[in-house]
Number of protein chains: 2
Amino acid sequence: MENFSVTILGSSSASPTTRRNTSSQLVNFYHRLYLIDCGEGTQMQLRRNHFKLSKINHIFISHLHGDHFFGLIGLVSSLNLFGRHKNLHIYADPRIQEILEVQLNFSETVLRFKIIYHPLNFENKELIFEDKKLEVYSYPLDHRIPTCGFIFQEKPFLPNIKKQVIKKYSPDIHQINEIRQGNDLFLKDGTHIKNKDLVIPPPAHRSYAYCSDTKFFEKLPDHLRGVELLYAECTFMNQLQQAANDKFHMTTNDVSTLAKEAKVKKLIVGHFSARYKDMTEIQEELLSLFPDAILVNDNETFHVRESL
Amino acid sequence: MENFSVTILGSSSASPTTRRNTSSQLVNFYHRLYLIDCGEGTQMQLRRNHFKLSKINHIFISHLHGDHFFGLIGLVSSLNLFGRHKNLHIYADPRIQEILEVQLNFSETVLRFKIIYHPLNFENKELIFEDKKLEVYSYPLDHRIPTCGFIFQEKPFLPNIKKQVIKKYSPDIHQINEIRQGNDLFLKDGTHIKNKDLVIPPPAHRSYAYCSDTKFFEKLPDHLRGVELLYAECTFMNQLQQAANDKFHMTTNDVSTLAKEAKVKKLIVGHFSARYKDMTEIQEELLSLFPDAILVNDNETFHVRESL
């Protein structure tokens, strides 16, 4: 199940450090690439991780704090220089358009491709992208300015037909499709076999959620209920809970409460304050609260599910 | 004479590559830091080279092509996050203000320091900065959009007094200052010694010029006459002279003609097209035309004069 992963391109909050770039991630879903946030240097990070810039068609920007979008204009410019013609979809606060256009206008750059702007809904959870296998939802966060998180949710797998059913009844392709869609099997001799006796249940569909930047709020776990892999911002340690509240960020305590209440399977955290040079303490504090959590580093890749 | 140097932070044109960032340089003049251009990732490059961001008070932006300014908003934001209060001087096309402000406004960022915008003169050479030891000039280039180069020129040294003069006449501090300013020495006994017999001429004052982006044009060498160290853009090899003309860039031939006609002492070149992965050919071509030229790499430092 290595066809659904996320690569961390930046995991510092606010300002880059010598070891961490500002926020950006690349979701790889069956080799289709989706970019979440685009801090300064994201195009260099994509190159460093051997992702083809031209394969990115959808970019999701959580909010208009610079550490989440300052790299977007550079990426857009490079795509243009490399001869892109395909549409580029940007899901963001609609004011991102003015930010890009003022810079393109003053440099007298005419894009050879079209940017399709999809304004985010900062009030309610919303399906913002869908194809045959994947759905992407935005959901509102509670930050100083309008902010959304994103959920990448695999569409449910169809059930597989039991081997002995194939062997015994040799269903044709039409029948196989019908069965997998949930229908019973009717044979020519009048035999009727119920669907539940024909199929084995499919593996649970996978989901990845990006939750940054936000403070903890009561409804937040509802949005993330049952997510398989959650990336959440963990800007501060508990000692700075007041600063976290004031700045609308989360602490180790907030993030572990969120992960527990939402019953997520795996938790990875990032968006660390630059004050934490040595990550030992924040790691120990987080693990004492949520034992399986992982503090991410730039250029690490996490698979939503290692194997079935 | 290692108190006047330039560190290359980015030497790629248009788009960053895995080995080169887009244009930016740091001029270090007696530990005062001046930033020229600010491509994406400049703040990370400054950090990598152990320059204190807070020590930069003057930023010179040659023109509004993205590879020369996309990193400015990130640098300004980080300066603000780090608690800067001192004024920051930006010498640029005045439209840079709108580019910065639209991004600061949408992120609801209020700077704690003031940016003083100095609009560049794209028609004539102009003194744009001056202190006790240094003058900085802008001069017009010929690029697709309004563009200036910059010349950092040390103010002339005062001559030193000959050792035997000190020994023989023991001039007091007042007399020493008078002599160094060019005056003759009048002794109480009526002796009159001419200035030229009192002093040894000072070392020539040093100068560094940044010349990017531009095509070659007839008046260009006049602006750069006698510069000691010249950094010039050398985007293409000679084979692409037509592309260079069309895109308002220089080739190895243009840049060596410029260096010869301007009689510069040392030539370093950068702003290479990303098409040149292996620099051997461009280097050979350039050296055949101007033997002492150096092709720069990111993170290299060049002293305007190694020793007196």
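Just after helix α8 (residues 252-261) of chain A, A:Lys263 takes a positive phi of about 55°; helices here are DSSP runs of H or I with at least four residues, strands are DSSP runs of E with at least two, and both are numbered from the N terminus. This is a predicted model, in which local features need pLDDT of at least 70 and side-chain atom pairs count only at pLDDT 80 or more, while totals for chains, interfaces and linings use all residues. Residues are numbered from 1 along each chain as its sequence is written, and chains are lettered from A and ligands numbered from 1 in the order in which they are written.

The helix α8(A) itself has buried residues, namely A:Thr252, A:Asp254, A:Val255, A:Ser256, A:Leu258 and A:Ala259. A residue is called buried if 20 or more other C-beta atoms lie within 10 Å of its own, exposed if 12 or fewer do, and partly exposed in between, with the C-beta atoms placed from the backbone. The elements that cover these residues of α8(A) include α6 (220-223), β15 (229-233), α7 (241-247), β16 (266-270) and α9 (280-289) of chain A.

## Chain A as a whole

Chain A holds 9 helices and 18 strands, and its C-alpha trace spans about 75 × 50 × 35 Å along its principal axes. Of the 308 residues in chain A, 44% are buried. If one takes the contacts in chain A between residues at least 6 apart in sequence, 63% of them join residues at least 24 apart, where a contact means that the C-beta atoms of two residues, placed from the backbone, lie within 7 Å.

## The sheet in chain A

Seen strand by strand, an open sheet of 7 strands in chain A has the order β7-β8-β9-β14-β15-β16-β17, with mixed pairing; two strands pair if DSSP finds at least two bridges between them. At the edges stand β7 (126-130) and β17 (294-295) of chain A, each with a single partner strand, so one side of each is left without a neighbour in the sheet. The strands β7(A) and β8(A) (residues 134-140) pair in the antiparallel sense over 4 bridges, and A:Glu130 stands opposite A:Glu135 in β8(A).

## Strand β16 in chain B

In chain B, strand β16 (residues 266-270) is mostly covered, since 4 of its 5 residues are buried. Strand β15 (residues 229-233) of chain B runs parallel to β16(B) and is joined to it by 5 bridges, with B:Lys266 in β16(B) as the bridge partner of B:Leu229. Another 2 bridges join β16(B) to the parallel strand β17 (residues 294-295) of chain B, where B:Ile268 stands opposite B:Ile294. From β16(B) the chain crosses through helix α9 (residues 280-289) of chain B to β17(B) in a right-handed β-α-β crossover, a term used if, with the strands pointing away from the viewer, the path from the first strand over the helix to the second runs clockwise.

## How the two chains meet

Chain B is superposed on chain A by a rotation of 180° with 0.0 Å of shift along its axis (RMSD 0.1 Å), with copies fitted by least squares on the C-alpha atoms of residues with pLDDT of at least 70 in both. That is the relation of a two-fold axis, and in chain B the C-alpha nearest the axis, 2.7 Å from it, is that of B:Gly41.

The contact takes 30 residues from chain B and 30 residues from chain A. On the side of chain B that touches chain A, α1 (42-48), α2 (72-81) and α3 (96-106) of chain B each supply at least two residues. The copies meet through the same surface, because 100% of the interface residues of chain B are also interface residues in chain A.
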